[in-house]
Amino acid sequence: MAVESSREQLVNEVKSLLWGSTVKEDVFQRWAQGFYFSAHESTALVQAEGGPCAVIAPLQAFILKRLLSEAEVSTWSDIQPDKSDELLVLSMTEILTQAADPTQSRYSVLLVDGPSPSTPNGEVSIDQSNPFAGLVESDSKTRIASKVFHSCLRIHTLDSKEQVEKFFSDNISVFKGQFGVLLLLYSIICTKGIPEMKSEISDLTDPLIHSTFGYGSQSLINLILSGRAVSNVWDHDQDVGGLKLKGIDKQNEVGFLTLLETLRYVEVGSFLKSPSHPVWVLGSETHLTVLFSEEKKLVSAETPAEQAKRVFKKYDNDGNNFILTDALQNVLEELGLFSDTEYVDIIKKKLDRHNDGIILLTSFMYEFFPEESRTCPDTFVLYHYNGLPRSNLNNEVKYHRGQAILLESTVDSILDSNPMLTVLQTKWPSIEVQWDKNQNPSIN
């Protein structure tokens, strides 16, 4: 009884974090899908309804990361279902284990076991071999689907990454069936731990899944991407007006770019803009898709100039591309540059000629990194994935190919007619892309 009480308490805490005080059944049903691949692209996951892209798109990014290390894109059409399932299992395992406390190596995976307790009015008859059979056949049954789902959840504790991988492999049919997305999400949160989740989320009053529109919050996206449920996408923690706001703490395996950065709503740091693999989750106002490339030079090691910009921005609290003159010595010290007080005073006068009390990023870079060569190639091939069939040509979920070129001058614009290009310019300001079939892929 104590074990059952503990399980029920944990499930209720997870449910509260995700859905708030009430689970909206229409939103829940949009999330109630499994992981399954497109009939037109054997390694591309399909998203049935709006909402669960917060899990599906990052998972797709990890699948693509593995694919890029194993085979050329031109051969992907030959990948068989068993291999696709293997990639799915390995990517699920990686996402789950990165959320765990590395000092404890304990992982929680949730499945649905056995029949649900009878409902008070006897509306639903549960098949013991399939506790979800028939739940969505009528409106009355749909209304209690979330209650039945939560009552059937069982927690399996595993002690190693190898056990997690085997468990996912043995139960892959469950995760490809109804509720697979939610089972993985609940498993990640339980593995992370409720106290750790609460310590990283900046605003606990809002649920991780929007109660009306059903999209995932930035904390939820970051949890799947990086294992940290922080609310910001900048590098490290930042002190804003005396309030410590948590960000991404290290270079991520896959990246993140968002249209919201062009609107100045968020600031994406280099840990996500320059991940270790050329794969980025792209965010619009309402949806997540994935961009990727075979060009490894797109994510080459951080150059001294890139490091300098990252450190400079750390002291640029308002994101206005300048720092207070008094912060110059701290920037130089953090970069390992000469920072003797007399020298710093000379540089202050040089970079702040009008004694305005600020130093511009452009002036700083010109002084210390005037001619650093660009490591990124001028031309490269990009691919784009959107899991929603309705957002693809002929409703076929497939990878879309484009030829990118970096122009000599920056193209700094916000184009309502081409939000894809606008997002890409947050990473490559001078980029232009010619997509196959002359059709810009949708990020919505």
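## Contacts along the chain

Contact here means heavy atoms within 4.5 Å.

The model is a prediction, so local features need pLDDT of at least 70, side-chain atom pairs count only at pLDDT 80 or more, and totals for chains, interfaces and linings use all residues. Residues are numbered from 1 along each chain as its sequence is written, and side-chain values use heavy atoms, with hydrogens and water left out.

## Overall make-up

The chain has 17 helices and twelve strands. Helices (H or I, at least four residues) and strands (E, at least two) are DSSP runs, numbered from the N terminus.

Of the 444 residues, 50% count as buried. Buried means under 20% relative accessible area, exposed means over 50%, and partly exposed lies in between (1.4 Å probe, protein chains only). The accessible surface of the chain comes to about 21,100 Å². Carbon and sulfur atoms hold 48% of that surface. These areas come from the Shrake-Rupley method with a 1.4 Å probe; for residues, only the protein chains shown count as cover.

## Two nonpolar cores

A nonpolar core is a set of buried Ala, Val, Leu, Ile, Met, Phe, Trp, Tyr and Cys residues joined through side-chain atoms within 4.5 Å. The largest one has 92 residues. Trp 19, Trp 31, Phe 35 and Phe 175 have the most contacts inside it. Helix α3 gives the largest share of this core, twelve residues.

What does Trp 19 touch, not counting residues up to four places away in sequence? The list is Val 27, Phe 28, Trp 31, His 150, Leu 182, Tyr 186, Pro 207 and Ile 209.

## Two buried polar residues

Thr 43 sits in the loop between α2 (25-31) and α3 (53-70). Thr 43 is buried, because its relative accessible area is 1%. Its side chain makes a polar contact of 2.8 Å with the side chain of Tyr 399. A polar contact is a pair of N or O atoms within 3.5 Å; within protein, one must be able to donate a hydrogen and the other to accept it, and residues adjacent in sequence count only if both atoms are side-chain atoms. Leaving aside neighbours within four places in sequence, the contacts of Thr 43 include Phe 37, Gln 60, Trp 76 and Leu 87.

Glu 94 belongs to helix α4 (residues 81-98). Its relative accessible area is 10%, so Glu 94 is buried. Beyond four places in sequence, Glu 94 touches Phe 62, Lys 65, Arg 66 and Glu 253.

## A covered helix

How many of the nine residues of α11 (residues 218-226) are buried? Eight are, and the helix is mostly covered. The buried residues include Ser 219, Leu 220 and Asn 222. Just after α11, Gly 227 takes a positive phi of about 90°.

## A pocket and a cavity

On a 1 Å grid over the protein atoms alone, a cavity is a set of points where a 1.4 Å probe fits but cannot get out, and a pocket is an open set with protein on both sides within 12 Å along at least five of seven lines; lining residues have an atom within 4 Å of a point. Grid points are joined across faces, edges and corners, and a volume is the space filled by probe spheres set on the points. The second largest pocket has a volume of about 550 Å³. Of its 25 lining residues, Lys 398, Tyr 399, His 400, Arg 401 and Lys 437 are the closest to the centre. Strand β10 (379-385) supplies the largest share of the lining, three residues. Val 381 lies in β10 and touches residues including Phe 292 and Arg 401.

The structure holds one cavity of 30 Å³ or more. The largest cavity has a volume of about 40 Å³. Its lining is Asn 418, Met 420, Leu 421, Leu 424, Val 433, Trp 435 and Asn 440. Helix α17 gives the most, with three residues.

Most residues other than glycine have a negative phi. Ser 105 has a positive phi of about 50°, and Asn 438 has one of about 55°. Ser 105 lies in the loop between α4 and β1 (107-112) and is partly exposed, at 30% relative accessibility. Asn 438 lies after β12 and is exposed, at 67%.
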